[in-house]
Amino acid sequence: MLQIPFSDATIEPGTVISWSLHTKRAASIPFTSASFNQDKHHSSSEATRSTSDGIASSITVTFEITGELDTKALEAALLLLVRRHEVLRCEFQRLAGDLNCAALAPDSITLEAEEVGHFHSGDDLHTHLDKTFKSIDTLSWPLFLMGAVVRENGATVYLCFDHIVCDGLSMPVVVNELQTSYAALSADRTPELPAAASYLTFGDDQRRRYAALRPDDGRLRYWKDFIRGNGGFFPKFPFDLGVPEGHLYPLVNRALPLLDPHRTDALAAGARASGGSVFTAVLAAAATAQHRFGGPGVYRGLLPISERTDEGRGEHGGVDAGAAGAAVGGAPNPWQHSVGWFVNTMPIEFRVGEGGADHATTIARARTAYGELQRHTDIPFVRAWELLAPETFTLHHWPFPVNFFSYIDFRRTPGGLQHPRWQPKLHVWAARGNGISHWFHRTATGLHVNMLHVDTPRAHEIGDALHEELVRVLREIAGERDSTPVPIPRPSRARPAVRS
């Protein structure tokens, strides 16, 4: 699964069919508490609805079905997806200040197909889909849309979700489930799908467990230690992006290659020789690239951590595995095949290897720091923010550009071995922001990064320069020793400010 901006997607023209959700009855499941992530996202959408700083965001997935499309089988597979995952049938309501949700009964949901029209040009099709995807509204039901571009010998299926109902790791789950169901239904067989636990249960349990948490709770020690070293709750991106405080900008969405499959395998071997993995090697390389460019000797950043375990905590392997593999101890993982926002966000800090070339040392420090992080993933990020930085919690976005690092190995997600055949693409979109984010991911085609950053000249300069330095560091870890340095374009103005 490749994560790219939708502007980079190539979808062959054809006839667009969309399916809309309808319900025959009112909600039949009692209201439960939404997760902390959902509550913060929903309240931010409410607060910015009438402003120019709307924080709309969505996650879209596309994939290919080869051969003549069995439209009825696809429709049945889509309906089964919605009926299996409660979060896709949710309606949200604010009760006594807290966000609550109720799922419509599975058998109350029906789908209605509409032939939107035939598109003869790729440009016209792209314009239509782009507009459609950006119509998702956090405050309106349903919270996702689905359809297909049908051609004589195949189809491109698409689903676009508001972030409130899913995360990035839900997308491989969706693709695997739909492909499995479609294959069975088109052959007149009953789909055999793994159990999928409910995200509503997860979110309600999370709220109950941590609603009474107080700032003096000992479980916040990891966060407090980080805050003392960092000088605040959020780790600043160490370079000036030309963004005045308090301002949001339109975002540039770019996908860039890092290493081809051969070099990625060499990186994995180099990481193992240093006692690490591809994840810790990429994290160490990102820290080293920043340091070489004038950044601090201590890397501080935020990492999204998978919560897809039976305890609802960041799993062993978490970001590194990029999947919800087996739970600790080998027991079946009830969340592995679930759709929802199973993401915590945690701080991490470690020193960069002195001298700029000691990659083994930096990888070891990144591995140790991540191991310590995993022992403290039980506290939800939004709750920690509310308790430890209340002066900024009322904001509807992070207060300034934050050092953000994400890594997923999509080969290890459900159905990952079939991705070369299914050709799934993940498209993350956000309307506005104030910083820069990097989503690193590994696929059968190598190592890649999707980068979203503010559309300022400084952000373009810094992003390009750090990317070139990062590629060079990754190749060094992979064992390449090119004596000719990769040219790095330096900004014509003064070197950007850094945080020590």
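Of the 500 residues in the protein chain, 57% are buried. This is a predicted model, so please keep that in mind throughout. In secondary structure, we have 14 helices and 17 strands. On contacts: taking those between residues at least 6 apart in sequence, 81% join residues at least 24 apart.

Now the cavities. Rolling a probe the size of a water molecule over the atoms shows where empty space is left. Searching the whole structure gives 6 cavities of 30 Å³ or more. The volume of the largest cavity is about 1,300 Å³. It is lined by 50 residues, and those closest to its centre are His-163, Trp-341, Trp-398, Phe-404 and Trp-439. By class, that lining splits into 28 nonpolar, 19 polar and 3 charged residues.

Next, the second largest cavity, which holds about 180 Å³ of space. Its lining has 17 residues, of which Ala-286, Gln-290, His-438, Phe-440 and Leu-470 are the closest to the centre. Which elements give two or more residues to this lining? They are the helices α8 (278-292) and α14 (457-477), together with the strands β13 (404-409), β16 (436-443) and β17 (446-454). The largest share, 4 residues, comes from α14. As for class, this second lining has 12 nonpolar and 5 polar residues, and no charged ones.

Terms used: Residues are numbered from 1 along each chain as its sequence is written. This is a predicted model: local features need pLDDT of at least 70, side-chain atom pairs count only at pLDDT 80 or more; totals for chains, interfaces and linings use all residues. Side-chain values use heavy atoms; hydrogens and water are left out. On a 1 Å grid over the protein atoms alone, a cavity is a set of points where a 1.4 Å probe fits but cannot get out, and a pocket is an open set with protein on both sides within 12 Å along at least five of seven lines; lining residues have an atom within 4 Å of a point. Grid points are joined across faces, edges and corners, and a volume is the space filled by probe spheres set on the points. Ala, Val, Leu, Ile, Met, Phe, Trp, Tyr, Cys and Pro count as nonpolar, Asp, Glu, Lys and Arg as charged, and the others, Gly among them, as polar. Buried means under 20% relative accessible area, exposed over 50%, partly exposed in between (1.4 Å probe, protein chains only). Contact means heavy atoms within 4.5 Å.
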